[in-house]
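Student: I have a new model open and would like to learn how to read it. Could you walk me through a few features?

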Amino acid sequence: MEILDLFSGDQLKPEYLSINPNGVVPALVHDGKIVLDSSVIIEYLEDININHNPLRPPEPENAAKMRAMIRYFDEVAGPSVRIPSYNMAFLPHFQDLSVKEFIALAESKPLRKDFLLKMGRTGFSEKDMNDSTAKIDATCNRMEVWLGESGGPFLLGKAISYADICIMPVIVRMQDLGRSDLWASNTKVIEWLKLIQSSATYEKTYCEGSLLSQVYPHLRNG
Ligand SMILES: N[C@@H](CCC(=O)N[C@@H](CS)C(=O)NCC(=O)O)C(=O)O
């Protein structure tokens with residue numbers, strides 16, 4: 001396993017771009033084959049039978065439901081969580097750069113150039129912040145409906161699936177940024193999150209230093 005330092009630009013070095021020309025993590029190289037994008041990687045791991053517990057429902061209808069959920073998360077929640085994350089945690093890194101350095105950095109990012117230029121060195125506007133949190137709010141409402149339809153405690157019913165695993169980091173990030181209010185009225189989402197966060201796997205995944213509030217003291221409340 002190779003760990004990249006995103007602030008030093010490891011993801012933009014030619015050796016990494018030859019693996020992932022998008023210049024973002026994660027990328028999986030397995031038996032010399034390259035697999036890109038987190039939601040594709042997790043299904044690939046299932047396809048090569050690396051998991052002891054299947055995380056994709058065996059019935060085609062439920063597998064399709066799961067993929068539709070993941071598409072929704074990738075379309076609505078994924079891009080939205082980036083705006084508060086950058087404004088609240090990462091912006092100071094960019095404010096330390098000169099205008100010229102900042103533009104050069106933005107230009108070097110294959111997928112995130114426009115995003116960085118829009119943010120600029122003063123951050124996203126209040127409207128952008130509100131629009132993005134509204135999308136996370138909509139995602140939580142959608143999850144509440146799905147949890148109701150499946151009977152829970154997971155999005156597709158009794159067993160945890162890739163859909164839960166795909167959206168979990170977004171919800172945990174918003175919780176870490178102090179925005180648990182976004183799902184305060186979604187009782188099923190609250191129970192879903194509690195269940196996930198009480199598992200030993202969660203504990204292992206979010207080892208010390210994984211949360212932004214553990215890295216950036218200004219995010220710590222109280
Ligand atoms: N859709 C991609 C998004 C990947 C992505 O945005 N990764 C971020 C870290 S969470 C990244 O590598 N950013 C590097 C940069 O902005 O330069 C996936 O899920 O794999």
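Tutor: Gladly! Keep in mind that this is a predicted model. Let's begin with the ligand.

Student: Which residues surround the ligand?

Tutor: The shell consists of Leu6, Gln11, Gly23, Val24, Val25, Pro26, Asp37, Ser38, Lys109 and Arg112.

Student: What does Ile167 touch?

Tutor: Leaving aside residues up to four places away in sequence, Ile167 touches Phe73, Ala77 and Met143.

Student: How do I read a helix and its buried residues?

Tutor: An α-helix has 3.6 residues a turn, so residues three or four places apart point the same way. In α3, the buried residues are Met66, Met69, Ile70, Phe73, Ala77, Ser80, Val81, Ile83 and Pro84. They pack against α2 (38–47), α6 and α7.

Student: And where does α3 bend?

Tutor: The bend, about 60°, is at Ala89, with the proline Pro92 following within four residues. End to end, the 36 residues of α3 reach 49 Å from first C-alpha to last, close to the expected 52 Å at 1.5 Å a residue.

How values were computed: Residues numbered from 1 in each chain as written. Predicted model: local features only at pLDDT ≥ 70, side-chain atom pairs only at ≥ 80, totals over all residues. Contact = placed C-beta atoms within 7 Å. Near = placed C-beta within 6 Å. Helix = DSSP H or I, 4+ residues; strand = E, 2+ residues; numbered from the N terminus. Expected span 1.5 Å × (residues − 1). Bend = angle between axes of the 7 residues up to and from the residue. Buried ≥ 20, exposed ≤ 12 C-beta atoms within 10 Å, placed from the backbone.
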